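Please work through each task with the sequence and the model at hand before reading the solution.

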Amino acid sequence: MSDARLLSALSSLSHVAKQLEVPPPALPALGATCVKLNMNENPFPLPPVVKKSATAAFERHYLYPEDDNVGLREAAASAYGLSADQVIAGNGSSELLGLIYKAFLAPGDAVAMISPGFSFNRKLAMLHEAQFLEIGWGQDHSLPTQQLLSGPARDAKFIVLANPNNPTGTFIAIAEIERLVAQSDRLIVLDEAYVDFAPDNGLRLVNRYPNVLLLRTFSKSYATAGLRIGFGFGHPELIGRLRTMQNLFNMNVIGHAVGMSIIEHRDAFEENHQYVVRERELTSVALSALGFTALPSHANFLLARVPEGHDGAWWQAALQRQNVLVAFFPESGLENFIRISIGTERQMDALLSTVSDILSSPN
Ligand SMILES: Cc1ncc(COP(=O)(O)O)c(C=O)c1O
């Protein structure tokens, strides 16, 4: 396109799109030897029966997927004790989070998130020209209930709470969340992306409180981040509106088939969930012997304070030079922390020995 035509096309962008930066070139493809512990993926091999469902579904590649995800929604509804009209299925739960922002916010409206929290929410608020209220966690990562019920958050259109929270991994007792939900007339989006690694979950709140929208994903505890399978559970009036706003054929035939097969065989994942919990605790202890302090986590990752001397950015870069990827969140006031996903035993050993090598090398 000539410069003049490009300028003309760019001038037609909405003012929100004009503010966005073009992303930098994609990172080079990762080598097979890379120890990838930066995105809370779960490298658990799928049970053969679930894998077979994907291969069989591929044969239907020329057909559009099922309209409105009916079969998958019905399967999820019966597995979680809900009715199909209380369930929406998404291309990952991030699609559903995006739909919630689209459905509930007009420019200038406010949304509240307990901070530090899942940073994608900040981007969604910006895209919808909403005010993003970050309400700090209470003492020892408790729920800041009073701040959510009064002050600026009182007028937020909805409150987002991830439990367990990302990136801290901390968990709020469901009774505490129930107290907030019962006292609030706001919509509470309870994002339970990591809940299968935690001691309890908020599913029972869905039938008790019409102002709860619960999000779940199969990306973490069911090891299918690449297949994009997520769910929203809530009152049929809310869920129905979200479904109406959803893109046509938002999921694909493989995601549908694998989602249904996981639901049918979800007991087979129990062993993996127990493994993650065990490995998380072992890694936390091993990290503390190396001078790191991990927050108590109920997710498949640890947020660890790095030893004095260097900040999280330094550690992330030092580990990356050795082919170990971890996450770092400077924008959330977590300059001295890194977030480490729980991977296979071999990956965790590689992480720990790389940390140990870095600590013992002159720098
Ligand atoms: C708290 C939280 N919610 C939602 C998501 C999105 O998950 P997905 O879109 O893969 O379902 C993530 C992913 O990291 C997350 O950490």
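Leu82 is buried because its relative accessible area is 13%, and buried means under 20% relative accessible area, with exposed over 50% and partly exposed in between (1.4 Å probe, protein chains only). The model is a predicted one, in which local features need pLDDT of at least 70 and side-chain atom pairs count only at pLDDT 80 or more, while totals for chains, interfaces and linings use all residues. Residues are numbered from 1 along each chain as its sequence is written, and side-chain values use heavy atoms, with hydrogens and water left out.

**Exercise 1.** Locate Leu82 and state which residues it touches, not counting residues up to four places away in sequence.

*Solution.* Step 1: Leu82 lies in the loop between α4 and β2; helices (H or I, at least four residues) and strands (E, at least two) are DSSP runs, numbered from the N terminus. Step 2: with residues up to four places away in sequence not counted, Leu82 touches Ala77, Val87, Leu203, Val206, Asn207 and Phe233, contact meaning heavy atoms within 4.5 Å. Step 3: for Leu82 and Thr344, which are 262 residues apart along the chain, the C-alpha atoms are separated by 34 Å.

**Exercise 2.** Identify the buried residues of helix α4 and what covers them.

*Solution.* Step 1: helix α4 spans residues 70-80, and its buried residues are Gly71, Leu72, Arg73, Ala75, Ala76, Ala77 and Tyr80. Step 2: their cover includes β2 (87-90), α9 (203-208), β7 (212-217), β8 (230-233), α10 (236-245) and α11 (253-264). Step 3: Gly81 follows α4 and has a positive phi, near 70°.

**Exercise 3.** Which residues of the largest nonpolar core touch the most other members?

*Solution.* Step 1: a nonpolar core is a set of buried Ala, Val, Leu, Ile, Met, Phe, Trp, Tyr and Cys residues joined through side-chain atoms within 4.5 Å. Step 2: the largest such core has 51 residues, and those touching the most other members are Leu143, Leu148, Ile177, Phe218, Phe231 and Phe233. Step 3: the element that gives the most to this core is α4, with five residues. Step 4: a second, separate core has 28 residues, including Phe197, Ala294, Trp315 and Val326.

**Exercise 4.** Describe how helix α5 packs against α10.

*Solution.* Step 1: helix α5 (residues 93-104) and α10 pack at an angle of about 100°, and their axes are 10 Å apart. Axes are lines fitted to C-alpha atoms, for helices over the stretch in contact, and angles run from 0 to 180 degrees between N-to-C directions. Step 2: the two helices, α5 and α10, are therefore roughly perpendicular to each other; angles under 35 degrees count as roughly parallel, over 145 as roughly antiparallel, 65 to 115 as roughly perpendicular and the rest as oblique. Step 3: α5 contributes Leu99, Ile100, Lys102, Ala103 and Phe104 to the contact, and α10 contributes Leu238, Leu242 and Met245.

**Exercise 5.** Is Pro144 buried or exposed, and where is its place?

*Solution.* Step 1: Pro144 is in the loop between β4 (131-136) and α7 (145-149). Step 2: Pro144 counts as buried because its relative accessibility is 4%. Step 3: apart from neighbours within four places in sequence, Pro144 is in contact with Ile114, Ile135, Gly136, Trp137 and Gly138. Step 4: Pro144 and Leu180 are 36 residues apart in sequence, with a C-alpha to C-alpha distance of 9.3 Å.
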